[in-house]
Each structure stands twice: as structure tokens, then as C-alpha cells.
Amino acid sequence: MRETIRAVLGLTPRPAPAPPEPPPGFRDPDEPIISFRDVHLSFDRPILQGVSFDLAPGTTKVILGGSGSGKTTILRLILGLLKPDAGSIHVDGADVGHMAEEDLRPVRMKLGMVFQEGALFDSLTVGENVGYRLVEDGNVSEAEVEARVREMLGFVGLAPFYGRMPSELSGGQRRRVAFARALVARPQIMLYDEATTGLDPITSTTITDLIVKVRDLDGVTSILVTHQLRDAFNVARTFMARENGEFVPKVVEDLSTLEGTEFMMLRQGVVEFKGTPHELQTSEDPYIKEFLS
Amino acid sequence: MASRTQLLILSLGRRLSQQVKASVLAVQDYVLLTARGLAALVTPPRYQRELVTQMDSIGVQSLSIVVLTGMFTGMVLALQSAASLDAFGARPYVGRLVCISMVRELGPVLTALMVTGRVGSGMAAELGSMVVTQQIDALRVLGSDPVRKLVAPRLGAALIMVPLLTVISDTVGIFGGSLISIFNLKLSWEFYWRSVGNAMVINDLVMGFVKPLAFGLILSSVGCYMGLNTTGGTQGVGLSTTRSVVVASVTILSSDFFITKVLLILFPVA
């Protein structure tokens, strides 16, 4: 009867019910941990145009590109700080592009982010900054928070700075504190936004060694956004090796043998290149050649 | 030639409509932020430590300027009103006039304007700096809601402290008026304070309490809104700070008229 009425009124039949959605955070182990599919985003101009890529668990992606090419925007989209105009973004099975702010908290707990200038809270001490997420979580005792914070500060070589204020730190020390803050909740994925920009070569190497340590010792998936080629290649070619009971950084000279790190280059919001460090270095693309020169 | 004029009018019209649309959207965002901030005040989790810190910043640290402003306003009011009342032989009514003026109008408005200058601008500058240094993004990434963590405590603290500061300002202003009345106008202490006591009715107290509540909400919500909508780096922080003082001051003064109008209808002067 209802069908007849609908037919007379010229109404289209109701679409079949959609298959049930997997619960947020569900991901097939074979699927990528981060997946971008044809992502578009514009403000007053196009920022990202059809960006697609996958990131397998435990691997590293280095996103290169000039200023304003959309590198940082990708990280902000992964964190759910921005929503795409079109396309889909999945982080560990959760569709962060279409999730409400209050639902994003469990996804963000899996992510650690090192902001460009550290983004430390000026009104809190170094210790309070590092332990912020644990305190906010509310499930960790005060003693455990302090122990974890001290452990993390020790990991980044800033154990004596526990009670200092961020204003008393140098640029490199701020990044290392930001690093400890991002790591304290033991995230599955680390995002680095220009973590070495504006630092001297020695401090940059300290930071890149930390990135490698976290990647190799904890198996953390990483995305490194940078326009510092030296640091990008450092991360790709360095690995941690055990020597006399201690882990020390070692460097692979032959780029063609490297595995586990993929480079992606953006140009005005479009993916210009995707491939291994060796493929990037030997690319004949004039833009890439100019960028690398 | 005609087509060029048409194009010009069309372009002006388009720009105007964009401006209007942007203004309407800004008002909508402001109302939403304020509503979310107020809702966060009454729902868990609450940041009590932040609330106490803000109460100290808004209340305790503004005390000196509010006391000074109230005192001198009361004193000048007594001087000015005595000069006018003398023409009618009504000098004994100075206490009544100072009291009513302070409680109903000058206390709430001047306190709100002083707190706006000191605290509203500070809120905009602090939150604006947090925006440009990505601290707000960091808060969100680390699992905090910036509205709950930053906006709600500021709204709550202003709603509590601005009325309290106004009461202090009113009291100090009336006291300042008494000093002028006694030492300058040669009125007796008892006479002045009896005149004040006789003048004050419940309607005055309602008006003297409702206004600072509204003004506290305006100055804190405008400060937070301007701060959180900062763009353009450190230059943008300066711009937000200036804007927050101008917008909050104008809104306080204009809303004062409407609140007075409504309260006079609800609680008419006997």
C-alpha cells in the first residue's frame, strides 16, 4: 500500500539501510594506521587538493615542501583540529574528518604531537607541562605522574629542568620538553611539525636522534613534517643499534637499501612526489631537483 | 560608463553583504561561545583551580583601582551635587543623591569599565597569545576543552567578582561622599548616613546587583571571544586587545541603558 502511494506521488523508494559502521577506533591489522583519501581543503585559497596517502604501522613518513604547501595542515587534519571540505581521513580506523570534537578525545590519546615552537603552556612548569595529559586523564596517581614525567625528562636529557618555567628554556630545550610531553602517554603515532626548524645543527641532530630512538625502540609510527632536508634524510638513514649494552645511533650510507621510511613532497597542496629516499634523491623532476639543490 | 557605475554599485553591494554576513556570523559565534562557557560552568569537569586563579586576577588584583575610582567618584559627586542643590536650599539631600547615583548607576558602570580596561584586555591578550603560539591547539590535542578550561573559569570569576567589586566601589564612593559632606559641606556625619539609609530601597539594590552581573558577563565573554579569535601573530594580539576593550566598553554602556529601562519597568521607582 505504502509503495503504491509512493509510486502515485512519484517519490523515489527509500534507500536500503547502510551496513552497520564498525565501532570508532576499529582497524583491520592489515590496514594502514593513517589513511588519506582524496582530501580537499580550502580557506580563501585551496590548501590541499586531492591528497591521498597511507601510512603503515611502525613506519615513518617524511612530508617535505615549501612554506604554505599544506604540510602542517595535514597534521592538523590528522589531529581533528581541522575538518576537510571533501575526502576521508582515517586514524586507526576512526574517521576523524567527520567526528565531533567531544568524540575525538580517544583518537587524540593515540597521537603525540610536537608543535613547531613547542607550544608549551607558559603558566606551567616544565614538569607540569610534561605531565599535563596524565593529570587531565585523571586515572593516574600523583606519584605515578611524577615518576613518568621524570622518566620522560630523563629520556630527552632534561631531568634537572623539572621545576623550571618554559620562559627559562632555550629553543632546543623547549622542543625537547614538547617531545617529552607528547611521549608521556605512550602514543602509537607521533607527529612532528617542523621539530628542528630554527635550531642549530647540533641541537637538530639531538632532536632527530630522539625521533629515531622513539621510532626504533618503541616501534612508534611517525610523520615528520619539515623543510629541512638534512634532518629529513638524517631521520631516514639513522637507526639505533645496540653496542656494549647501550643503544647508539648508526647511519646507513647507501640510501637505496633503506626501508620503512617514505618521503612525500607537497607543492601548493598537491602531492608532487611519493617514494623512497633514494627515489627522491634520484628524481628527474625539475621542481624536486631544485628543492633538493 | 553606465556599466562601470553598475559594476561599482554591484561590487560595493557585494562587499557590504559580505561585511554584514561576517558580522552576523561573529555575533553567532560570540553567543555560542558564551552559551558553551556558561554551560561548562554548571557541568563537570570543572577547573576549580583555574576559577580561583581568575577570581584572584579579576577581583583581588583589581581592588586598588576600583577603590580609587569609587572614592573619587563619590567625592566629586558630593561636590557637584552640593553646588546644584544649594540653589534650591537642598544641601541636606547630598547623601541621598550620592547613594542613589553610586548604587544604581555610577558604581556598576565605572567598576565594569575599570575592570574591562584592566582584566578584559588581559584576557584577550593572554588567550590571543595562546592562539598564536599554538597553545590552544596543544590543549585540544592533550584532551582539554579550551572553553571548559579557559573560558568557563573566566566567566565564572567575572560573574562572582564584578558584583563584589561593585559593592566595594559603591560603599567606598558613598564613604568618599561623606568625607566631602562633613569636611567641605559642613553636614553632620549622622545626618549624612541617615540620609543615605533613608534613600536606599530594595529596587536600588536589585538594580545595583543585576547590572554588575550583566557587565561581568559582557566584559569576560568579549575578552575571551576576542582572544580566541586572534589571527595574524603578535600584531593580531594587540589588535584583539584593543578591540576587546572598545567592544566591551561600548556594549556595557549601551546595555546599561536597556537594563535600566527594563528594570525601571519591572521595579518602578516609588
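B:Ser169 is buried, at 3% relative accessible area, in this predicted model. The residue belongs to helix α6 of chain B, which covers residues 146-183. Beyond the neighbours within four places in sequence, B:Ser169 is in contact with B:Val66, B:Gly70, B:Met102, B:Gly107 and B:Thr111.

**Interface of chain A and chain B**

- Chain A and chain B bury about 1600 Å² between them, and 51% of that area is on carbon and sulfur atoms.
- The contact draws on 21 residues of chain A and 14 residues of chain B.
- Nine residue pairs, with both residues at pLDDT 80 or more, are in polar contact between chain A and chain B.
- On the side of chain A that touches chain B, α3 (105-108) and α4 (126-137) of chain A each supply at least two residues.
- The largest share of that side of chain A comes from α4(A), with four residues.
- Sorted by class, the side of chain A that touches chain B holds eleven charged, eight nonpolar and two polar residues.

**Salt bridges between the chains**

- Two salt bridges are found across the interface of chain A and chain B.
- One salt bridge pairs A:Glu101 with B:Arg140, and the closest N and O atoms are 2.8 Å apart.
- A salt bridge also forms between the side chains of B:Asp137 and A:Arg76, at 2.4 Å from N to O.
- B:Asp137 is in helix α5 of chain B (residues 135-141) and A:Arg76 is in helix α2 of chain A (residues 71-78), so this pair joins two chains.
- B:Asp137 counts as buried because its relative accessibility is 11%, under the 20% limit.

**Salt bridges within a chain**

- Over all chains, the count of salt bridges comes to 24.
- In chain A, the side chains of A:Glu101 and A:Arg108 meet in a salt bridge, 2.9 Å from N to O.
- In chain B, B:Lys211 forms a salt bridge with B:Asp256, where the closest N and O atoms are 2.9 Å apart.
- This pair links distant parts of the chain, with B:Lys211 in helix α8 (residues 202-228) of chain B and B:Asp256 in helix α9 (residues 233-266) of chain B, 45 residues apart.
- B:Lys211 counts as buried at 0% relative accessibility, and B:Asp256 is buried with a relative accessible area of 9%.
- A:Glu101, A:Arg108 and B:Arg140 are joined into one network by salt bridges that share partners.

**A four-stranded sheet in chain A**

- Chain A has an open sheet of four strands, in the order β2-β1-β4-β5, with antiparallel pairing.
- β2 (46-55) and β5 (94-95) of chain A are the edge strands, and each pairs on one side only.
- Strand β1 of chain A (residues 34-42) runs antiparallel to β2(A), and six bridges join the two.
- A:Ser42 has A:Pro46 in β2(A) as its bridge partner.

**Strand β11 of chain A and its partners**

- Strand β11 of chain A (residues 261-267) is mostly covered, with five of its seven residues buried.
- Strand β3 of chain A (residues 60-65) is joined to β11(A) by six bridges, and the two run parallel.
- A:Thr60 stands opposite A:Thr261 in β11(A).
- β11(A) is joined by five bridges to strand β12 of chain A (residues 270-275), and these two run antiparallel.
- A:Phe263 has A:Gly275 in β12(A) as its bridge partner.
- The hairpin of β11(A) and β12(A) has two residues between the strands, and in this hairpin A:Gln268 takes a positive phi near 50 degrees.

**Helix α8 of chain A**

- Helix α8 of chain A (residues 229-237) is largely enclosed by the rest of the structure, because seven of its nine residues are buried.
- The buried residues of α8(A) are A:Leu229, A:Asp231, A:Ala232, A:Phe233, A:Val235, A:Ala236 and A:Arg237.

Terms used: Residues are numbered from 1 along each chain as its sequence is written. Chains are lettered from A and ligands numbered from 1 in the order in which they are written. This is a predicted model: local features need pLDDT of at least 70, side-chain atom pairs count only at pLDDT 80 or more; totals for chains, interfaces and linings use all residues. Side-chain values use heavy atoms; hydrogens and water are left out. Two strands pair if DSSP finds at least two bridges between them. Contact means heavy atoms within 4.5 Å. Buried area is the accessible area (1.4 Å probe) that two parts lose on being put together, summed over both. A salt bridge is a side-chain nitrogen of Lys or Arg within 4 Å of a carboxyl oxygen of Asp or Glu. A polar contact is a pair of N or O atoms within 3.5 Å; within protein, one must be able to donate a hydrogen and the other to accept it, and residues adjacent in sequence count only if both atoms are side-chain atoms. Ala, Val, Leu, Ile, Met, Phe, Trp, Tyr, Cys and Pro count as nonpolar, Asp, Glu, Lys and Arg as charged, and the others, Gly among them, as polar. Buried means under 20% relative accessible area, exposed over 50%, partly exposed in between (1.4 Å probe, protein chains only).
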